[in-house]
Amino acid sequence: MGRTEQFAPSTPVGRAGLAALLAAPSEAVIALDFDGTLAPIVPDPEQARAHPDAVAALSRLAPLVGAVVVVTGRPAEVAARYGGFPAAPGLGHLTVLGHYGAERWEAETAELTAAEPPPGVAAARAELPGVLERSGAHPGTWVEDKGRALGVHTRRTGAPEAALELLREPLAHLAADHGLIVEPGRYVLELRPPGVDKGAALTAFLAERPRAGAVLYAGDDLGDLPAYAAVEKRRADGLPGLLVCSSGTVAGEAQVRELAEQADLSVPGPAGLAELLTELADRIESAG
Ligand SMILES: O=P(O)(O)OC[C@H]1O[C@H](O[C@H]2O[C@H](CO)[C@@H](O)[C@H](O)[C@H]2O)[C@H](O)[C@@H](O)[C@@H]1O
């Protein structure tokens, strides 16, 4: 199969989204999740790094399109650093929307803007060790303190799915007690403030660009569903869009079914996304 067929969207709306992106790339917005999409999933979240081929492809693509934005559950500055974005050529206008949109980092200025630190996180942080102990959390359960949110990871336990299930209810109670919500992800339950999600973040970013002619969104996890819904909504309003699913490639881990079902195009993980971004850069360059 050639690359053109490999990256052909399976839906008419997806094909229209891709066609609009390629017809007027300078008005297109490329929006990408970080973990599982730009960066391969690894056991230790602190060791996650963007796939080098994805960064190289973005370096070529970013100067050709209207905007590139990374929309992530990570703190924005952490995603920028783990992505290697500050040092990468061509990414001088990249934006990272972190903490599901509560933070924003601009490559142009290296400035970080953030909403007020949420109340409730400090109290939940203090109570979390006790809650984990009383719940019988499996050995290997690990807390990622993200400052304005707390991620409880079970990937490094002996039975990640069972370890996660065990914690759903106690963490839901802890979150509710402190005005937080639980954001579920790939072997992680995150306690975070309500009021933002990737859909609202992407919608606001697109609203800053009234001339946007197309939007591509790529994600891999439940937290990306609101961004998918935002693209669907903008498509209904007439903005062409392409929904890409970075399919799970970690042994024994199922991909997020809802995302795969809604996507116009699936790629095999960050390496596949890198190929897609490379293909887009090739096609835009050869047309120009
Ligand atoms: O919105 P994203 O950019 O996809 O971030 C979502 C969460 O990703 C990270 O956790 C996930 O990736 C880890 C590294 O590969 C993996 O070990 C873990 O099992 C995954 O859930 C990150 O640690 C979280 O802070 C993000 O919210």
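Hi everyone. When I call a residue buried today, I mean that 20 or more other C-beta atoms lie within 10 Å of its own C-beta, placed from the backbone. Please keep in mind that this is a predicted model.

Let's start with the whole chain. There are 10 helices and 12 strands in it, and buried residues account for 47% of the 288 residues. The C-alpha atoms fill a box of roughly 60 × 40 × 35 Å along the principal axes. The radius of gyration is 19 Å, and a compact globule of 288 residues would come out near 19 Å, so the two agree. As for contacts, take those between residues at least 6 apart in sequence: 67% of them join residues at least 24 apart.

H6 runs over residues 160-177, 18 residues in total. From first C-alpha to last, H6 reaches 25 Å, close to the 26 Å expected.

Where does H6 kink? At arginine 168, by about 40 degrees, shortly before proline 170.

Which residues of H6 are buried? They are Pro160, Ala163, Leu164, Leu167, Leu171, Leu174 and Ala175. And what covers them? The cover includes helix H5 (121-135), along with three strands: E7 (150-153), E8 (181-185) and E9 (188-192).

One last stop, if you follow the chain just past the end of H6: glycine 179 has a positive phi there, of about 70 degrees.

So much for H6. If you have the structure open, find the kink at arginine 168, then look for the buried leucines, including Leu167 and Leu171.

Note on methods. Residues are numbered from 1 along each chain as its sequence is written. This is a predicted model: local features need pLDDT of at least 70, side-chain atom pairs count only at pLDDT 80 or more; totals for chains, interfaces and linings use all residues. Helices (H or I, at least four residues) and strands (E, at least two) are DSSP runs, numbered from the N terminus. The expected span of a helix is 1.5 Å times one less than its number of residues. The bend at a residue is the angle between axes fitted to the seven residues ending there and the seven starting there. A residue is buried if 20 or more other C-beta atoms lie within 10 Å of its own, exposed if 12 or fewer, and partly exposed in between; C-beta atoms are placed from the backbone. Two residues are in contact if their C-beta atoms, placed from the backbone, lie within 7 Å. The radius of gyration is taken over C-alpha atoms; the globule rule is 2.2 Å times the number of residues to the power 0.38.
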